[in-house]
Amino acid sequence: MDRYLLLLFLICLTSSVYASSFEGKVTHIYDGDTLAVSYRGQSFKVRLLYIDAPEHDQRYGSASKSMLQKIVGNRDVRVEYDQKDKYGRLLGLVYLDGYNVNATMVDRGMAWVYRQYTNDARLLELEQRARNAKKGLWHDAAPIAPWKWRHR
């Protein structure tokens, strides 16, 4: 198994220390890093932890949202979380069939690693690989990180 596949495998199998988890169906994709999951008759807005996707009005914003829709739209996922953000969204890791969706968005070049909240070497390596391969938003000569876009 090459190093890249091993890295993805380890990310998928990494056990977490999150306080809560649930399984539910994805009912809505807001953008490339936020979705809604239905669980026991309630809808929970989930912000994908450790990543930041382009904004709606930003280049690749629609592509990022479409990619997340393609990956998890109307599918059953597992959400692991331990906190909410200031908007009341669950901050969590989302898994589809054991695969880390957060990492997949970075791997496909549809999100940045959100360095303000993590310096996870595995995620950073996935981002660098996507950059080197010019995947997704990295095809752009000078992509603007969403946190910089929002501060404009």
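This is a predicted model: local features need pLDDT of at least 70, side-chain atom pairs count only at pLDDT 80 or more; totals for chains, interfaces and linings use all residues.
**Notes on strand 6 and its surroundings**

1. Strand 5 and strand 6 run antiparallel and are joined by six bridges. Five residues sit between the two strands in a hairpin, and glycine 88 in that turn has a positive phi of about 85 degrees.

2. Strand 6 has other partners too. On the parallel side of things, three bridges link it to strand 3, with arginine 47 paired to leucine 91 of strand 6. Strand 7 (residues 99-100) pairs with strand 6 in the antiparallel sense, over two bridges, and here tyrosine 95 stands opposite asparagine 100. This is again a hairpin, with two residues between the strands; aspartate 97 in the turn takes a positive phi of about 50 degrees.

3. How many of the seven residues of strand 6 are buried? Seven of the seven, so the strand is largely enclosed by the rest of the structure. Both of its faces are covered: Leu91, Leu93 and Tyr95 are buried on one side, and Leu90, Gly92, Val94 and Leu96 on the other.

4. Back to valine 79, which is worth a click. Setting aside neighbours within four places in sequence, its contacts are Ser20, Ser21, Phe22, Val37, Val46, Leu93 and Val94. Valine 79 also belongs to the largest nonpolar core, which has 28 residues; Leu35, Val37, Leu68, Val72, Val77, Val79 and Met105 are the ones that touch the most other members. Strand 1, strand 2, strand 3, helix 2, strand 5, strand 6, helix 3 and helix 4 each supply at least two residues of this core. There is also a second, separate core of six residues, including Tyr60, Trp112, Trp138 and Ala145. As background, nonpolar side chains tend to be buried together in soluble globular proteins.

5. Helix 2 (residues 61-72) is the next stop. Its twelve residues reach 17 Å from first C-alpha to last, close to the 16 Å expected at 1.5 Å a residue. Which of its residues are buried? They are Gly61, Ser64, Met67, Leu68, Ile71 and Val72. These cover an arc of only 125 degrees around the axis, so they lie on the same side of helix 2. The spacing makes sense: an α-helix has 3.6 residues a turn, so residues three or four places apart point the same way. On the other side of helix 2, Ser62 and Lys70 are exposed.

6. What do the buried residues of helix 2 pack against? The list is strand 1 (20-31), strand 2 (34-39), strand 3 (42-48), strand 5 (76-84), strand 6 (90-96) and helix 3 (101-107). Just after helix 2, asparagine 74 has a positive phi of about 60 degrees.

7. Glutamate 80 is in strand 5. Is this residue buried or exposed? Glutamate 80 is buried, at 9% relative accessible area, and its side chain makes a polar contact with that of arginine 78 (2.7 Å). Arginine 122, in helix 4 (residues 121-133), is partly exposed, with a relative accessible area of 29%. The C-alpha atoms of arginine 122 and alanine 103 are separated by 8.8 Å, with the two residues 19 apart along the chain.

How values were computed:
Residues are numbered from 1 along each chain as its sequence is written. Side-chain values use heavy atoms; hydrogens and water are left out. Helices (H or I, at least four residues) and strands (E, at least two) are DSSP runs, numbered from the N terminus. The expected span of a helix is 1.5 Å times one less than its number of residues. Buried means under 20% relative accessible area, exposed over 50%, partly exposed in between (1.4 Å probe, protein chains only). The arc is that of the directions from the helix axis to the C-beta atoms. Contact means heavy atoms within 4.5 Å. A polar contact is a pair of N or O atoms within 3.5 Å; within protein, one must be able to donate a hydrogen and the other to accept it, and residues adjacent in sequence count only if both atoms are side-chain atoms. Two strands pair if DSSP finds at least two bridges between them. A nonpolar core is a set of buried Ala, Val, Leu, Ile, Met, Phe, Trp, Tyr and Cys residues joined through side-chain atoms within 4.5 Å.
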